[in-house]
Structures are given as structure tokens and as C-alpha cells.
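Morning, everyone. I have one structure to walk through today. Please bring it up on the screen.

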Amino acid sequence: GLIRNTLFPVELIPVKVVLTASLSLCSSMLLLIAFLWSQGNLHLAQLLIPYVMMLQIAFSIGLAWFLSALCVFLPDIAHVIGIVVLILMIVSPIAYVRSMVPANLRPFLLPNPLYYLINLYRDAGFFGVVDWEMLAIFTAITIVVFAGGWRFFNRVKVLFSDHV
């Protein structure tokens, strides 16, 4: 009913899901920053964390637009997405830092957007360092994913009512 209603902007459905999930991100990040500050871990680079969070939200919205539109036509892709996310989490630098990865394996990390995001959070929050090149790369990735997701969603949304 929502999709066939022309007054309701369908593109807001994925945005609502991302923004709702981002509320827990924001509250968790506030608690983490408060804990870091209480332990004396205070850096100027931590002021960059809200910008990285905005990039993460915009990246997630673009990805949600693309994947939600794709799931209308290929409903089984939702099962594949879970596996891909699991693989990305395994190869993401959550439990290790960049210096722990051998130089010949580092190029395999570069296509993973979580590599940039996690390192930006870690470097700014814990080490007080800003890797400006990594920030520029993730900003560019975010712009491409956001704009691409928006464009793809708007091109195929006219076909939604035929497939739902």
C-alpha cells in the first residue's frame, strides 16, 4: 500500500531504517568518547568523529537505497547480503591494526569500505591521528555510493508496484 501511494516518498523507507539504526551508533559513540575522556585520552582528532559518523550514515543510506531496490526484483539476494557482510567483517581491521597486515596483502584491504571507516574511527578516537588521505578516499567512496544508490533507486522505483 505504501509503495502504490504516490503521495508517500518511497525513498524514505530505507532512510528511516538507517537513521533508526544510527541512533544506537550515536549513543554508543557518546558513551565511548565519554569513557575515553574520563581515562585521559583526549585528542583534537576526536572532533573529526562526528564527520566520520555523518559519512557512515550517508554511505549506509546510499547502500540501503541500492540494496532495497535490488531486493524488490531479487528477493533472495537478502540471504547473500548477510554472507557478504560476514565476509567483510572478517576481513575488516577490527581486531588488528594496519601495521599487522603484511605489505603484500594490504592491497586486498583497499576495496573494502569498512577498512577506511574502521581505521578512521580508531585513529581519531584512540590514537589522536587523522589520516587525511584515508579520509579523502572514504569521503569520495561515500559520495559515489550515496549518489549511485539515489540514482539507481529513482530509476527503478517506477517498477516497484509491478513486482511487489
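**Rings, pocket and patch**

Start at Phe66, which is partly exposed, with a relative accessible area of 34%. Partly exposed sits between buried, under 20% relative accessible area, and exposed, over 50%, using a 1.4 Å probe and protein chains only. Before going on: this is a predicted model, where local features need pLDDT of at least 70 and side-chain atom pairs count only at pLDDT 80 or more, while totals for chains, interfaces and linings use all residues. Residues are numbered from 1 along each chain as its sequence is written, and side-chain values use heavy atoms, without hydrogens or water.

Now the aromatic pairs. Rings of Phe, Tyr and Trp (its six-membered ring) pair if their centres lie within 6.5 Å; planes under 30 degrees apart are stacked, over 60 edge-to-face, and the rest tilted. The count by this rule is 5 aromatic pairs. Phe66 and Phe152 make one that is tilted, at 4.8 Å centre to centre and 50° between the planes. Phe66 is in helix 2 (residues 49-73) and Phe152 in helix 5 (residues 132-156), so this pair links distant parts of the chain, 86 residues apart; helices are DSSP runs (H or I, at least four residues), numbered from the N terminus. Phe152 is partly exposed too, at 27% relative accessibility.

Tyr115 and Tyr116 pair edge-to-face, with 5.2 Å centre to centre and 75° between the planes. Buried or exposed? Tyr115 is buried, at 6% relative accessible area. Tyr116 is buried, also at 6%. Then look at Trp65, Phe146 and Trp150: ring pairs link them into a cluster.

Next, the largest pocket. It holds about 900 Å³ of space. A pocket here is an open set of points on a 1 Å grid over the protein atoms alone, where a 1.4 Å probe fits, with protein on both sides within 12 Å along at least five of seven lines; lining residues have an atom within 4 Å of a point. The lining has 31 residues, and Gln56, Phe59, Ser60, Leu114 and Leu117 are the closest to the centre. Which helix gives the most to this lining? Helix 2 does, with 9 residues.

Last, the surface. Leu32, Phe35, Phe126, Phe127 and Val129 make a nonpolar patch of about 470 Å². Such a patch joins nonpolar side chains (Val, Leu, Ile, Met, Phe, Trp, Tyr) within 5 Å, from residues with over 30% relative accessible area and no salt bridge. Helix 1 (12-38) and helix 4 (113-127) each give two or more residues to the patch. Phe35 sits in helix 1.

Technical notes
Patch = residues over 30% accessible without salt bridge, like charges linked within 9 Å, V, L, I, M, F, W, Y side chains within 5 Å. Areas by Shrake-Rupley, 256 points an atom, 1.4 Å probe, with all protein chains shown as cover. Salt bridge = Lys/Arg side-chain N within 4 Å of Asp/Glu carboxyl O. Points joined across faces, edges and corners; volume = space filled by probe spheres on them.
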